[in-house]
Amino acid sequence: MPFKHFFLTLGFYFSLMLSAFSQNTPTLLTTIFEVGGNCGMCEKRIETAALGKGVIKADWDVTTKKMTLEYDAAKTSALAVQKRIAKAGHDTTFVEAKAKPYNNLPGCCQYERMHYIESPQGSDNHGNHNH
Ligand SMILES: [Cu+2]
């Protein structure tokens, strides 16, 4: 029964293709978090720091202080992005900027520091895998 066999094989390959496809589907997520900052210069600095591997779009709003981040969860995490932003001197929802990069910001950019209830860096450790 070569003809019937052909269809069985076809069905087999089709299901293989499907499973391969679903494994390769990018895990695109959009998340919003807060980033401290004052002006257009801050916006540029924050968005530049946010961009990196797996980041599709980073848009920070001067008025609302909210960052809208589009990223591929298979390649990066919102925490990794927030760590980069904090390194550039800007507090984020989960990561507090260190004094040094903050003090290095131009005077006009020294925004009012964000207030953390408890160790912000530790609060998301469960989602922090080894990358
Ligand atoms: Cu600024």
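Tutor: A term to begin with: helices here are DSSP runs of H or I with at least four residues, strands are E runs of at least two, and both are numbered from the N terminus. Note also that this is a predicted model.

Student: Fine. How many helices and strands does the chain come to?

Tutor: There are four helices and three strands. Going along the sequence, they follow the pattern α-β-α-β-β-α-α.

Student: And what share of the residues counts as buried?

Tutor: Of the 131 residues, 20% are buried. As for contacts between residues at least 6 apart in sequence, 56% of them join residues at least 24 apart.

Student: Take A50. What is it in contact with, leaving aside its sequence neighbours?

Tutor: Beyond four places in sequence, A50 contacts V55, A58, M67, L69, V81, R84 and I85.

Student: Back to the helices. At what angle do α2 and α3 cross?

Tutor: The axes of α2 (residues 40–50) and α3 (residues 78–87) cross at roughly 140 degrees and come within 8 Å. The two helices are therefore oblique to each other.

Student: Why oblique and not roughly antiparallel?

Tutor: Because roughly antiparallel needs an angle over 145 degrees, and the crossing is at roughly 140 degrees. The crossing of α2 past α3 is right-handed.

Student: Which residues make the contact?

Tutor: From α2, I46, A49 and A50; from α3, V81, R84, I85 and K87. Five of the contact residues are nonpolar, none is polar and two are charged.

Student: Different topic. What is the phi of K65?

Tutor: K65 has a positive phi of about 60 degrees, although it is not a glycine. Most residues other than glycine have a negative phi. K65 is in the loop between β2 and β3.

Student: Is K65 buried, exposed or partly exposed, and what about T64?

Tutor: K65 is partly exposed, with 19 other C-beta atoms within 10 Å; a residue counts as buried at 20 or more. T64 lies in the loop between β2 and β3 as well, and T64 is exposed, with 10 other C-beta atoms within 10 Å.

Student: How far is T64 from G36 in space?

Tutor: They are 9.8 Å apart, C-alpha to C-alpha, and 28 residues apart in sequence. G36 sits in the loop between β1 (28–34) and α2. G36 is buried, with 23 other C-beta atoms within 10 Å.

Student: What does G36 touch?

Tutor: Not counting residues up to four places away in sequence, G36 touches K65, H90, D91, Y111, R113 and M114.

Student: Last one: where is E43, and what is it in contact with?

Tutor: E43 is in helix α2 and is partly exposed, with 17 other C-beta atoms within 10 Å. Leaving aside neighbours within four places in sequence, E43 contacts G37, W60 and V62. E43 and C109 are 66 residues apart in sequence and 9.9 Å apart in space, C-alpha to C-alpha.

How values were computed. Residues are numbered from 1 along each chain as its sequence is written. This is a predicted model: local features need pLDDT of at least 70, side-chain atom pairs count only at pLDDT 80 or more; totals for chains, interfaces and linings use all residues. Axes are lines fitted to C-alpha atoms, for helices over the stretch in contact, and angles run from 0 to 180 degrees between N-to-C directions. Angles under 35 degrees count as roughly parallel, over 145 as roughly antiparallel, 65 to 115 as roughly perpendicular and the rest as oblique. A crossing is left-handed if the near helix is turned anticlockwise from the far one by less than a right angle, and right-handed if clockwise. Two residues are in contact if their C-beta atoms, placed from the backbone, lie within 7 Å. Ala, Val, Leu, Ile, Met, Phe, Trp, Tyr, Cys and Pro count as nonpolar, Asp, Glu, Lys and Arg as charged, and the others, Gly among them, as polar. A residue is buried if 20 or more other C-beta atoms lie within 10 Å of its own, exposed if 12 or fewer, and partly exposed in between; C-beta atoms are placed from the backbone.
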